[in-house]
Structures are given as C-alpha cells and as structure tokens.
Amino acid sequence: EYPEGFEKVQKSIQGGDLFFTILMNPNPCQDPRHQAILPPTLNCTNMTLPNLLILGPQKTGSTALANFLTLHPNVSQNSPIPGSFEEVQFFGGANYLKGIDWYLSNFQNASIIFEKSATYFDNPVAPKQASSLIPNTKLVVILQNPTQRAYSWFQHLLAHKDPSALTAASFSEILEENPPETLRKIRQRCISGGRYVHHLGKWLEHFSLAQIMFIDADELRDEPARVLTALAKWLDLPDFPFETHLRYSPSKGFHCRLIEGKTKCLGESKGRKYPKMSDVEREKLDKIFGLDNSALYKFLRKNRLKIPNWLEESVRIRA
Ligand code: A3P
C-alpha cells in the first residue's frame, strides 16, 4: 500500500530490475484537501516557489549564468546550501525527502526566483518531481559541446582527487569501450550529461518546449551580456545593462563581474587551467557522441531553434 502521492516505479538498469519509490511532492495549495491541513509555516497566498530552473548540465557554464543573472535587481536565487556546491539539488536527490517546507525556506520573493542545480538535467526522476510541484516553471538548458564537457568533467574529478579518476593511466583509457571496472562509473559520468536529446525527452514528457530556453555554451562564454539580455527578455524582466556589469579578465580567460571598477571572477574551480585535450581523445569523444549530436541537430532544426556552431561543425565533420 502506498499513501497518496507515492508511486511505485520499476526501472530496468543495466539489465537488472530495480524497484524504488518516487515520493511526489505536489503543490499542496492546488488541492483544497491539502490546503485545509497545512502547517502554519506554509502560506498559500505568498508561496515563494521558483519560477525558473537552470538545469545545467554540469560543466556547461551554469554557475556563470546563474551568477550573472543575479545582477538583475528583479531576480533572486536560492540561499547557498552548504555541502552541495551551494545548490539546492532538491528534485531527484536526497534533499527531496526534506519536503516542501525545506525547499521553500531557501527562497526569497522576486519577479524571477530561480535555482540552478546542475544535477537536474540527466536525473531520471527530476522532471516528474519538478513538474509535480512547479508545473509552470521555465527551464534553461545550456548546450555545450559534449566532447568538451566530458573533458572538463574529468578535469573536475582530477582536481577533486577522485580516487578512481587518479587510477586512470590517461583520459583515453576511460574512453575505451570496456574500461576497467573502476573506471566505468567515471566514463558514464563524463558521457551522460552530454546526451542531450536522450535527457530532453524526459523533460518534454512533463514540460512543453515553449517552457525551455536553450543557451549555446560558447556564446555564454564569449558574449555573456548578450546571452543574459536575451534570457532576461524571455523571462519578461525589465531591461538591464548587463554589459556594464561584466568585463573580460585576461588573467582568468573568462568574463567576470565588475564591482567598483574591479573584476570579481568565479572561484578557482570554474574556468580551471589544464592541458588541452589530445586529438586522439577528441576523436574518441566525437565518435562516442556522434549519434547524440546528430539527434540534437535534428531536434533543434525540426523545432526551428538556433543550432550552435560547435554542433553544425560536428555534424558537418560526420557527414
Ligand atoms: P572549466 O573549469 O572546465 O573550464 P559549470 O558551472 O556548469 O560546472 O561549468 C563550469 C565551466 O563554465 C568551466 O569549465 C568554464 O569553462 C565555463 N565558464 C563559462 N563562462 C565562465 C566564466 N565567466 N567564468 C568561469 N567559467 C566559465
């Protein structure tokens, strides 16, 4: 017997059947029966739920996007959460069990209330849980060349001295079709987030395409003010001169916030310095993502959405 709001789901993971329970937290204010028994801490007339989720995936520039978006006076982000890179990581994660009260406690009112959790995009449960609580939210997905994203993720693991990553003789070893057992999970983590259409399919089961904005990661890196201006327009926010608050820092190699004439860049873990990927590694990754990239290209074309240069290039090389 499952109480109301619980669902039993059967998932087939790598051949083995796994049963697990998805706890659904629907918005209690949309159901009079729930409203009648709400604790006094939940106020339905003034509920500060996000109306924008930045889904990531990880290593696409999502922190820069979130950080720059908060420059806008009508925007508020969640208060930083210790222990999870400041991210709320509510949907599809352990924090979901803390419930709506906890989720709400992280937000302050504004025209746009948002959270960026880079764990959401490739999480199989997050789309359903998010649509259950905030069905009208807008979503942002950043399209980064998955080859570059995978390499950046591997560098992230090395920087964090991930014990498995440190056992790899090289990045190439991880990219082999059948890497040693210890490297399989890393391979999966490097690759998963870059399989855009596969994961988008899950989001589109619960949200309409009109609710999603796609951002080209290269444009975000090179022209953040232009990207932020377009995002603010899509969010119906008043105009804001992002360009006067952002400045390229030659030493960082990225744009940073400009505060009282000085650049304030993101921390060391964002925009790391590491050696370039070798041609062999790049070719292996391009091959791994070949079909995914073609599917993304077709998806964007079919829906008359802008195709990033890196994707045009990748599809042209494959043809
Ligand atoms: P690298 O550190 O590998 O270069 P995320 O925040 O989604 O995890 O993404 C991190 C990546 O954002 C960085 O990966 C970097 O390339 C990219 N990025 C884009 N704009 C940036 C900026 N203004 N400052 C720092 N990193 C930025």
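Helix α2 passes helix α11 in a right-handed crossing, meaning that the near helix is turned clockwise from the far one by less than a right angle. This is a predicted model: local features need pLDDT of at least 70, side-chain atom pairs count only at pLDDT 80 or more, and totals for chains, interfaces and linings use all residues. Residues are numbered from 1 along each chain as its sequence is written, and side-chain values use heavy atoms, without hydrogens and water.

- The contact (heavy atoms within 4.5 Å) involves L65, F68 and L69 of α2 with P224, V227, L228 and L231 of α11.
- Those contact residues comprise 7 nonpolar, no polar and no charged.
- α2 (residues 62-69) and α11 (residues 224-234) pack at about 65 degrees, with axes 11 Å apart.
- The two helices α2 and α11 are therefore roughly perpendicular, a term for angles of 65 to 115 degrees.

**Nonpolar cores**
- A nonpolar core is a set of buried Ala, Val, Leu, Ile, Met, Phe, Trp, Tyr and Cys residues joined through side-chain atoms within 4.5 Å, buried being under 20% relative accessible area.
- The largest core has 40 residues, of which L53, F90, F91, Y103, V141 and W203 touch the most other members.
- Elements that each supply at least two residues of this core include β3 (52-56), β6 (138-143) and α13 (290-302).
- Another core, apart from that one, has 28 residues, among them V75, I215, L235 and L266.

**Residue Q77**
- Q77 lies in strand β4 (residues 75-77).
- Q77 is partly exposed, at 29% relative accessible area; the class runs between under 20% (buried) and over 50% (exposed).
- Leaving out residues up to four places away in sequence, Q77 touches A66, T70, F114 and K116.

Methods: Axes are lines fitted to C-alpha atoms, for helices over the stretch in contact, and angles run from 0 to 180 degrees between N-to-C directions. Helices (H or I, at least four residues) and strands (E, at least two) are DSSP runs, numbered from the N terminus. Angles under 35 degrees count as roughly parallel, over 145 as roughly antiparallel, 65 to 115 as roughly perpendicular and the rest as oblique. Ala, Val, Leu, Ile, Met, Phe, Trp, Tyr, Cys and Pro count as nonpolar, Asp, Glu, Lys and Arg as charged, and the others, Gly among them, as polar. Buried means under 20% relative accessible area, exposed over 50%, partly exposed in between (1.4 Å probe, protein chains only).
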